[in-house]
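Subject: Structure for you to look at

Hello,

Here is the structure I said I would pass on.

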Amino acid sequence: MQITTIQSKDNVKIKTLRGLIEQASLRKKQQQSVIEGAHLLETYLANDLQPQAVFTTETGLAHPENQRALQETTASIYVLPEQLFQSISQLGQSSAIMAIINLPAKKLEWDRQQDTLVLDAIQDAGNVGTLLRSAAAVGIRQILCTQGTANIWSPKVLRASMGAVFSLNIFENIDEQQILDGFDIPIFATSVTDAKSLYKTDLRQACVWILGNEGQGVKPSLLAQSQAITIPQPGGQESLNVAVAGSICLFEMMRQRLV
């Protein structure tokens with residue numbers, strides 16, 4: 001492996017690394033992002049992907065968890081002073097490893113008959129990442145995101161997804177009519193009013209799930225042409241966090257199919 005030491009915060013590679021973490025515009029322009037942590041890098045490598053560059057410290061270079069990932073990468077490795085690495089890191093105390101990755105090529109068409117999760121203007125990176133993890137866990141591989149959804153390839157979403165994003169087919173900035181016209185299977189949308197109980201709904205066939213914005217819910221245009229589903233809450237809470245509600249729906253779907 002090729003190992004190079006970088007000392008200066010003004011080094012062009014350091015400026016690029018920092019910019020990709022902080023600037024969505026640079027990620028879009030360069031079609032790259034940053035992953036941080038040994039687990040995320042190992043997951044990336046396990047999907048037969050290779051980073052463009054790996055950054056660590058002398059301590060990180062010797063960390064057993066990092067060494068497993070470093071043995072699998074063909075990318076150049078850059079060793080930074082501890083203080084410089086920590087000034088860039090978003091994880092604080094960790095095993096000190098991050099990598100620049102290329103974003104996957106954009107896909108033009110999705111499968112009209114495949115289980116699909118639609119994220120409708122969900123803004124919180126943690127919620128988006130959690131829903132991607134839940135989708136991957138139950139076997140959903142196709143994800144559509146409307147405008148206003150947190151950028152899937154931001155470091156925060158990548159971290160929250162725990163690497164699930166690398167095994168998914170993701171379509172971003174999709175408008176409502178494309179979704180409504182784009183499937184030959186039932187479309188369900190979560191709602192708290194005029195909706196059928198999740199537990200009285202047959203979910204054994206392929207379907208589409210639409211989960212909406214944290215404050216406003218699913219857009220009315222989407223909800224009007226979907227089958228509204230609600231999760232019974234005898235405890236009296238007004239609504240659930242979207243990541244919790246979505247995960248409940250997805251795992252109920254899986255439960256029905258495994259019976």
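Among contacts in the chain between residues at least 6 apart in sequence, 76% link residues at least 24 apart; a contact means heavy atoms within 4.5 Å. The model is a predicted one, in which local features need pLDDT of at least 70 and side-chain atom pairs count only at pLDDT 80 or more, while totals for chains, interfaces and linings use all residues. Residues are numbered from 1 along each chain as its sequence is written, and side-chain values use heavy atoms, with hydrogens and water left out.

The whole chain

The chain holds 11 helices and 12 strands. Both are DSSP runs numbered from the N terminus: helices are H or I with at least four residues, strands are E with at least two. Along the principal axes, the C-alpha atoms fill a box of roughly 60 × 35 × 30 Å. A compact globule of 259 residues would have a radius of gyration near 18 Å, and the chain has 20 Å, which agrees. That radius is taken over C-alpha atoms, and the globule rule is 2.2 Å times the number of residues to the power 0.38. Of the 259 residues, 49% are buried. Buried means under 20% relative accessible area, exposed means over 50%, and partly exposed is in between (1.4 Å probe, protein chains only).

Helix α7

Helix α7 covers residues 125-138, and at 1.5 Å a residue its 14 residues should span 20 Å; its end C-alpha atoms are 20 Å apart, which agrees. The expected span is 1.5 Å times one less than the number of residues.

How much of α7 is buried? The count is 10 of the 14 residues, so the helix is largely enclosed by the rest of the structure. Among the buried residues are Val128, Leu131, Leu132 and Val138. The cover over the buried residues includes strands β6 (116-120), β7 (142-146) and β11 (208-212), along with helices α8 (155-160) and α11 (242-258).

At the N-terminal end, Asp124 caps α7, with a side-chain oxygen 3.0 Å from the backbone nitrogen of Gly126. After α7 comes Gly139, whose phi is positive, near 95°.

Glu42

Glu42 sits in helix α3 (residues 38-46). Glu42 is partly exposed, with a relative accessible area of 28%. Leaving aside residues up to four places away in sequence, Glu42 touches Arg68 and Ala69. Arg68 is 26 residues from Glu42 along the chain, and their C-alpha atoms are separated by 7.9 Å.

Regards

Terms used:
Polar contact = N/O pair within 3.5 Å; in protein donor to acceptor, adjacent residues only side chain to side chain.
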